[in-house]
Every structure is written in structure tokens, then in C-alpha cells.
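Subject: Structure handover

Hello,

I am passing this structure on to you. Please open it first, then read the notes below.

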Amino acid sequence: MSEEKKAVPEAVSIDTATIKMLHIAQERGQETIFDRAVKMKQCNIGTEGICCKICSQGPCRLPMTKAIKDGAEPDTRKGLCGASPETIAARNLVRMMAAGCASHSDHGRSVAETFRAMAYGEAKDYTIKDELKLIDTAGYFGVPTTVKEGDEEVPRDKWEIAREIADIALGQWGTQQGQMIYPRRAPQATQDRWVKHGVWPRGIDREVVEIMHRTHMGVDQDYRNLLKQGARCSLGNGWGGSMMATDLQDIMFGTPYPNNGNINLGVLAHNKINIIVHGHDPLLSEMIVAAVHTPDMIEYAKTVGAEGYVVAGMCCTANEILVRHGMPIAGDYLQQELAVVTGAVEAMVVDVQCVMENLANISECYHTKFVTTMPIAKCAIGKNTVHVEFEEHHALDIAKKIVKLAADNYKNRGQVNIPSETNKMVVGFSTEAIKYHLGGTFRGSFVPLNDNIINGRIRGVVGVVGCNNARMEHDRVHIDMIKELIKNDVIVLTTGCSAMACGKAGLLTPEAAAVYAGPGLAEVCETVGIPPVLHMGSCLDNSRILTAATEVVKAGGLGKELADLPAAGAAPGWMSEKAVGIGQYFVTSGVYVMLGVPLPIYGSPKLVEHLEVEMEELYGGKWAYDPDPVSAARKIIDHIDKKRKALGIDTARERVLMDMADRQKLEVA
Ligand code: MSK
């Protein structure tokens, strides 16, 4: 690697553990994504969305010239077939949505298949952990939970309920006609918009396939019509595949409630066998967590001279086992190669999504076994790459095989460099947990939250979610945006790698409220005992933000639909196609969504107008883009203030400056 083409560690991350490990990797001549981002420039035409490669007569590239931009020349750009910039950019964008929705929803399908196998007694290592969630979920699917016996209504057998849920749920992926069931959970006025604009989804599979058909050469040539299908598909994911997956996972593995966790590379141990579980799907990682606690595996660790195991997560597999079991997080998406560089990882066990292929290369520089586990996600390179196929019918046995493989590798460790950084955090704020926290067991409710939004102590609610992106300074955009929001009394809900950035920056503790939050939000956090930033789970769990927002509408006083709420969403460092699918389901649900990385649309002014202006007319939500996180936060706050004004609660906000007497009057719970 030549000197000038290396990243400067201090310039590419605000996280000291990342900076330390980058120095070590570079000293050893080991390249990471940070270096590759310096070496490889992005393609301007691609980033503007105006490269069409859907037939073999192209790629047709339609660069936006300065003269067109300034209006000095008419925009006559065309592909070989005559495709306009807006058709090309719209096709590219909805294909990204299809891929993103397919990823989450296919993950959801594998969860539903395992749930069904469990319900029919074919996957004995899984069980129903949360019976209350089973009952709630039955209600969403219209499955009866009681049965008449004589004159009495008695509870149905839980396995019978689970079997019925499983059969209906699995059918939702392939529904050809009519309406998918789960979007009926949205506020009625939001549902009415979807019916009016013809975007209520059928089965997820059908919506994804239809996008692929409509974006084939010579089919849909109306950018608004293409985006309409993108909106429909996104709802099938957000209010369908993702939401069903979250519920079924909660039933099998437990609904998250607040617990303590630790984050950053310092969670790895010198004297223990370190296993990293990485990706998104918790079906295997749950079993690995169970496996390391079995007596035979505990004994096995001793036989190789280790004092036990650390199972630490990366990416959203990490969030899944963190929010349910308090298992530590080793790092986010951009830290995956650096975990291997510690020399302390016996096995990097991956499932699906956000796994860099370079893990195979970097693992070869160490003793680390790179273990792929899913039949749909193998890796063809690397002498340390091993495939141990996951299969839900023998899940615990397979997990033990992987744990043993890691333990056997412990003796092969070379030099170890584990940075000392770890941060404590409080995580696990599911919709149910927020409700409980606000009102207690018997009167759990969102009303106290609404009261505090109406009286202005809380100015609004923003979901800040999504990835880290190697084209930006690692963690910076998330932290700068979130600090600006909470300083202005906006409570933040977070998931994915954004949640990890918050954990590393110390924002996920109740004490953070006194340091970073505005006076109104700090008062509420102190009274209720919550952080100003609530960790709600994985990327898939963005569906929890939808259900929490729906609870807010139902609690009353803040309008009739999601679009009425003083709320917004943001993905300041997104990189994955899943983020495009997620962003669109929030926009279609009525939410203003701010990005810090541009969508590939800016080569087509008409498409930009549609996404950033016209969509608000249709769905109540729209896209926005601002690369400066503080300026983006201010735009979000302006949007919140506009919504407060429309609700007639803007004057309440002006009375927020509280003295001690006001504080004593504060009634939260
Ligand atoms: S893991 S999708 S990099 S948030 Fe969900 Fe992080 Fe983005 Fe993957």
C-alpha cells in the first residue's frame, strides 16, 4: 500500500478504538475499507443516478452539464432507447428499494419459517419465550386466543395459536390479491391515504417482483408511477415483512426491555475465547449464546486453557443479542475488519447482510476463522474461510459445532492488541418497554409522552437510524446531529449502527440527559429514568418506531395520522439499499426523512422534485438531504415546529423555560 493512499486514522473516525486499530493495521500493511475509500473515488454519474445498464446497448450515461443545471441549455438528454434522466434515475432508485425490502423481508421469511417449524414441533431448540407477545400478535393476525367451552371462554392452547399465526404469517409473503394484513395496525387516517393512492401492498414477494418487471427495458416509463410501486413495496416491508419478523422474533426470543450493555472493541477478552456474531439474522446467534452457556461447552473452554467465552456482536446481529441478553457489541459495520486486526477473534461467524468480503482476506493475516453459515451467503475466497451450514431443525448442535471450532482455534492466537475502549449503555426500548416505562405495569400508556410533547417539554420525536458510511468521518454525523436534536428537547429513537455510534459516545445512559439534553427533555428523562436517546434495536426493528408512533397517535392530542406528529426520521450516514427501502416506508407513512448521503437522484431535477416536494402531497412525508448534520438537525427542528404549529401546540412550547416551582409541578408518570 503506497503512503499517499492510506487513510489518515485521526481524520476518518472520531472513535479512539477505531483510530488505534487503524494505525496497527496500516503498520502491518493490512488494508481496510477506510484505506480503500481514499484510494477509490466514487463515480459522479452513478452517484447522480443517471447511468442506465438495464440492457446490453448501454451503459447509457447521461451526465448533468453545468449549462443544463443553469438553464442555459434545454435538457435533451436521452439513452439509446430514448429513456429520460428521470426514468433512468427512478428505475435505479426503485430497484434499490426492491433490494432493500427483499433483504429485510427475506430475513423475515426465514424467521417465519423457523417460527412455523417451532410451532409444529420440528425445531426443538426454539420455544415460545414471550406468551404475552404471542397473544398480542395473534390479535394483529386475527387469530382467536380463546375458545368457547360450554358457557365459558377459555384460553386456547398456545401452540395451537402459534401454528395458526405461523401459517397466516408465511402466507403473507406470497399474497397475490387483496390487502396485506399487518398495515391495518397503522392509524386509520394513514391507512386511508394508502387506499386513496393505491399503495396498499399485496404480498412482499409480488411487490418486489413487480418492481423488477416494471424496471426491465421498455416497461414503465413514468417516474411517478415507478415511485408509486416503490412506495407500495416499501410498505410491504416496513408494515409487513420487517414488522412481522420483529414480532415473531420477540415471541421466540423475548421482547426487549431495558438492560445494560457494553460496546466497542474493548469488550473482547485476553483470556477467553472470542466469538463474533455478525450480520442481521438472530436465528443462529441466539443458539450460539445458548451454546456457550451449556455445561459441555463451558468444560470444553477449560480444556483449551481459556476462562470461558465472549460472544460479542457486530452490526445488527449485535443489536439483536444485545437488546435481549445484554451481550456486548464489538463494533459497527465499519469496525468489522478492525475486530480481526485485534488478533483476539477466534471465529468471525456471519449470517446475512453488511458482511464485507474483505473479512476473508484480513482473516488470513491472523488465526481468525471466517465462518459463513447461511446457504444464501457463502464466500468463495480465503484459506481461513469455513462454511458451517445453519439449519433450524438442528440449531443448537450446529451452534455447538461452531463454538468448538472457535475453542479449538484459541491455541493458534498470535500477537493480541485489544484496545481498552468500552462504553456502558442502557438499551432495549421496545414499544412495549416505552409504554411500561411511562406508565408502569397496570397503566402502561403513551399518554404521559403525549402530555409532555403537548406541553412542550419534549419538542418532538426523531428516529435517527442507519449505517456508517466510509465516505464520511466514522460516527461523526450521527453524534453531531443527535446532540443538536436533544439539546433542543427532541427525544431520539435509534437503531442499527447509529445506535452503536450513540453507545460509543455515551448518549445511551440516563446520565447523558443532564449533560446533553435541553431543560425540558432533561426533566422528563430524569423523572422517568430514561436516556435522551432510546436504543430500539436492529435495522429490522425500525418497524418498532412505526408502532411506537402509532401508539402516540392513538394516545390522542397530536393529530389523526402519522403525518400530523411533530416527528421526523434521519439516516445521516446511510450506505445500504435497505436504508432506501426503510426511508421510503417512513415517507409513505407520512414522515419527513432527512439523509446525510444523497440518494442517487440529483442528475434528474424532476425526480428530485417528486421525492422532495410532491410526495408530501401524496403521503404527508417527503425526502430531504443535507450533508451537514447540524444544519440537517435544524431543518428537522423547523419541520417539527411547523407540525407543532399546525396542531396548535406551538404556544405551549414558548412557556418551557422552567424555574424550580415549574419543575416541582412536573407530572410525568
Ligand atoms: S447493520 S444496514 S450497516 S445500520 Fe443493520 Fe449497520 Fe446499515 Fe448494516
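How many bridges join strand S3 to strand S4, and do they run parallel or antiparallel? Strand S3 (residues 146-149) and strand S4 (residues 152-155) are joined by 4 bridges and run antiparallel. Two strands pair if DSSP finds at least two bridges between them. Helices (H or I, at least four residues) and strands (E, at least two) are DSSP runs, numbered from the N terminus.

Before the rest, some ground rules. This is a predicted model, where local features need pLDDT of at least 70, side-chain atom pairs count only at pLDDT 80 or more, and totals for chains, interfaces and linings use all residues. Residues are numbered from 1 along each chain as its sequence is written, and side-chain values use heavy atoms, with hydrogens and water left out.

The hairpin
Thr146 has Pro155 in S4 as its bridge partner. Glu149 stands opposite Glu152 in S4. The hairpin has 2 residues between the strands. Gly150 takes a positive phi there, near 65°.

Domains
The domain assignment gives domain 1 (3-45), domain 2 (46-83), domain 3 (88-253), domain 4 (265-412) and domain 5 (425-664). These bounds come from an automatic or database domain assignment. The centres of domain 2 and domain 3, taken over C-alpha atoms, are 37 Å apart. Still, 9 residues of domain 2 are in contact (heavy atoms within 4.5 Å) with 8 residues of domain 3.

The ligand
Why does the ligand lie between domain 4 and domain 5? Both domains give residues to the shell around the ligand, so it lies between them. The surrounding residues are His280, Cys315, Cys316, Tyr333, Cys354, Gly466, Cys467, Cys497, Cys539, Met575, Ser576 and Lys578. By class, the shell has 8 nonpolar, 3 polar and 1 charged residues. Here Ala, Val, Leu, Ile, Met, Phe, Trp, Tyr, Cys and Pro count as nonpolar, Asp, Glu, Lys and Arg as charged, and the others, Gly among them, as polar.

Helix H12 (residues 282-292) is mostly covered, with 10 of its 11 residues buried. Buried means under 20% relative accessible area, exposed over 50%, partly exposed in between (1.4 Å probe, protein chains only). Among the buried residues of H12 are Pro282, Leu283, Glu286 and Val292. Asp281 caps the N-terminal end of H12. One of its side-chain oxygens lies 3.0 Å from the backbone nitrogen of Leu283.

Helix H23 (residues 519-528) is also mostly covered: 7 of its 10 residues are buried. They are Gly520, Leu521, Ala522, Glu523, Val524, Cys525 and Val528.

Two residues to look up
Arg232 lies in helix H11 (residues 223-253). Is Arg232 buried or exposed? Its relative accessibility is 17%, so Arg232 counts as buried. Leaving aside neighbours within four places in sequence, Arg232 is in contact with Gly198, Val199, Trp200, Pro201, Arg202 and Glu207.

Glu612 sits in helix H26 (residues 605-619). At 22% relative accessibility, Glu612 counts as partly exposed. Which residues does Glu612 touch, not counting those up to four places away in sequence? They are Tyr602, Lys622, Trp623, Ala624 and Tyr625. The side chains of Glu612 and Tyr602 are joined by a polar contact of 2.3 Å. A polar contact is a pair of N or O atoms within 3.5 Å; within protein, one must be able to donate a hydrogen and the other to accept it, and residues adjacent in sequence count only if both atoms are side-chain atoms.

Best wishes

Notes. Near = heavy atom within 4 Å.
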